[in-house]
Protein chains: 2
Amino acid sequence: MRILISNDDGVSAEGIRELAHGMKALGDIYVVAPDRQRSAAGHGITLHKPLYVEEVDLGSGIRAYGVSGTPADCVKIGVNEIMKDTPPDLILSGINQGSNLGNDVMYSGTVSAAIEGAIQGYPSIAVSQCGYKNLDYGPAAAFTVKLVQEVLKQGLLPDTILNVNVPELPANEIKGHKITSLGTRRYHQIYEKRLSPRGTPYYWLAGGLQDLPNEAHTDIEATKDGYISVSPVHFDFTNHDLIDTIKQWNL
Amino acid sequence: MRILISNDDGVSAEGIRELAHGMKALGDIYVVAPDRQRSAAGHGITLHKPLYVEEVDLGSGIRAYGVSGTPADCVKIGVNEIMKDTPPDLILSGINQGSNLGNDVMYSGTVSAAIEGAIQGYPSIAVSQCGYKNLDYGPAAAFTVKLVQEVLKQGLLPDTILNVNVPELPANEIKGHKITSLGTRRYHQIYEKRLSPRGTPYYWLAGGLQDLPNEAHTDIEATKDGYISVSPVHFDFTNHDLIDTIKQWNL
């Protein structure tokens, strides 16, 4: 079996290294990831300049490449160029440093790498570790090994990926897993205005998370309650329910 | 009435200028758009560096700003900083040079600006003109004026935007409009390898559109048949149908 692994934290991030080493028991690992931090890249791709690809040493016979593009670029070039003659059986993205919950998946390079994997026709999973500092990626890697085996057994619909978030808890305090819906996240949208030493104004996006209520079946509540969250995320974006309504409009 | 207009082709693109001037009859126009071409930016946002905002002259009393960020950044800073005290009634993105059809909306900065508008709580519409060269944006601008008036009368669900694509035809050859679902697009994914003058390999994403059959009710077929396509696009990404199935898995 061959597994392609990407992420948005960059090829040298701790999370992707732990995932690559954790998955080695299941088959040949190919890491194709951005050559630097590309968080919040969304589903951008690179059309107007070429991509550079450089081999990277991650140890233990893992083939690893850093790409001068976005997470979606990495999956595209990974499947269609680097692994052209040895196509993957499955694509993983992560382990991301920090959660990708609720409608934040929209901004997530981690999730977009997995969605690009599905667009390219492969079962794909995004994995994120909640928290920011001194993270232990062990529980997330261990759960992913189990999940990959089950996905290969059960299959996934071609328009759906799995989005996994692991709570920031020691392995023995994680209560299990829940299959969840994406919840709702909103931020206080505040721009902080500053002046450069040369007097030019610039703006930082600031402002933290709003404390919104979310239902128990959502990914946000599941991780808050100590469960690993697994959400099926699809990309049929049409709001079919609205089509007949809008047909009545006067245009 | 106030309308915020953004795009992904940049603040000086012909399409946004035509849209801004076309909408003037309906109210005050604020243009907040990337300071350069940001096509295929997807839903990226800028977290790791600050944004610069510069006033731009588009003539006719239109307030216009170029922002050193992505389309989604422009809508965020437009609503939360530039228009903080004068919030818009509606957000438009476009008129894009080139179509945004089917699952290509995933990569589209034009569509992501509209989706960010909806996330921020405003009715939002993305408008694209099919074709690439010597485009006439007049029919798209005229249809958008009608559509905006109807959207303000009918309202839009908070999680749904409208994605409009106008066929590349003279106004009198456009057959009307259709309310459509997003179709399916696939590309021949080919990377072209070249060598720089210093011998470093690099890769261009090449390869054209595959000729896939699409059903008559899709945006792809509607525009091919000479109709303006209007698709309701939502961003509830959960595949609710799969939740019970995955609950049966052995994890």
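Is B:Asn134 buried or exposed? At a relative accessibility of 81%, B:Asn134 counts as exposed, where exposed stands for over 50% relative accessible area, buried for under 20% and partly exposed for what lies in between, with a 1.4 Å probe and protein chains only. The model is a predicted one, in which local features need pLDDT of at least 70 and side-chain atom pairs count only at pLDDT 80 or more, while totals for chains, interfaces and linings use all residues. Residues are numbered from 1 along each chain as its sequence is written, chains are lettered from A and ligands numbered from 1 in the order in which they are written, and side-chain values use heavy atoms, with hydrogens and water left out.

A:Asn134 is exposed, with a relative accessible area of 80%. Most residues other than glycine have a negative phi, and most peptide bonds are trans.

A cis peptide bond joins A:Gly94 and A:Ile95, with omega about -5°, and A:Ile95 belongs to strand β5 (residues 90-97) of chain A. In chain B, the peptide bond from B:Gly94 to B:Ile95 is cis, with omega near -5°, and B:Ile95 is found in strand β5 (residues 90-97) of chain B.

Of the 12 residues of helix α2 (residues 71-82) of chain A, 11 are buried, among them A:Pro71, A:Cys74 and A:Ile77. Helix α3 (residues 109-119) of chain A has 11 of its 11 residues buried, so it is largely enclosed by the rest of the structure. The cover over the buried residues of α3(A) includes β1 (2-6), α2, β5, β6 and β7 (160-166) of chain A, contact being taken as heavy atoms within 4.5 Å.

In chain B, helix α2 (residues 71-82) and helix α3 (residues 109-119) pack at an angle of about 30°, with their axes 8 Å apart. That makes α2(B) roughly parallel to α3(B), given that angles under 35 degrees count as roughly parallel, over 145 as roughly antiparallel, 65 to 115 as roughly perpendicular and the rest as oblique. The axes are lines fitted to C-alpha atoms, for helices over the stretch in contact, and the angles run from 0 to 180 degrees between N-to-C directions. The contact is made by B:Pro71, B:Ala72, B:Val75 and B:Lys76 of α2(B) together with B:Gly109, B:Ser112, B:Ala113, B:Glu116 and B:Gly117 of α3(B).

How are α1(B) and α4(B) placed relative to each other? Helix α1 (residues 14-23) and helix α4 (residues 138-154) of chain B pack at an angle of about 45°, with their axes 9 Å apart, and they are therefore oblique to each other. On the α1(B) side the contact is made by B:Glu18, B:Leu19, B:Gly22 and B:Met23, and on the α4(B) side by B:Gly138, B:Ala141, B:Thr144, B:Val145 and B:Val148. In chain A, helix α1 (residues 14-23) packs with α4(A) at an angle of about 45°, with the axes 9 Å apart, which makes α1(A) oblique to α4(A).

Finally, the two chains meet in an interface in which 70 residues of chain B are in contact with 70 residues of chain A. The area buried between them is about 6,800 Å², of which carbon and sulfur atoms give 69%; buried area is the accessible area (1.4 Å probe) that two parts lose on being put together, summed over both. B:Phe237, B:Trp249 and B:Leu251 supply 13% of the area that chain B buries against chain A, more than any other three residues. From the other chain, A:Asn239, in the loop between β11 (228-234) and α6 (243-247) of chain A, is buried, with a relative accessible area of 6%. Not counting residues up to four places away in sequence, A:Asn239 touches B:Leu157, B:Asp159, B:Thr160, B:Pro232, B:Val233 and B:His234.

Methods
Helices (H or I, at least four residues) and strands (E, at least two) are DSSP runs, numbered from the N terminus.
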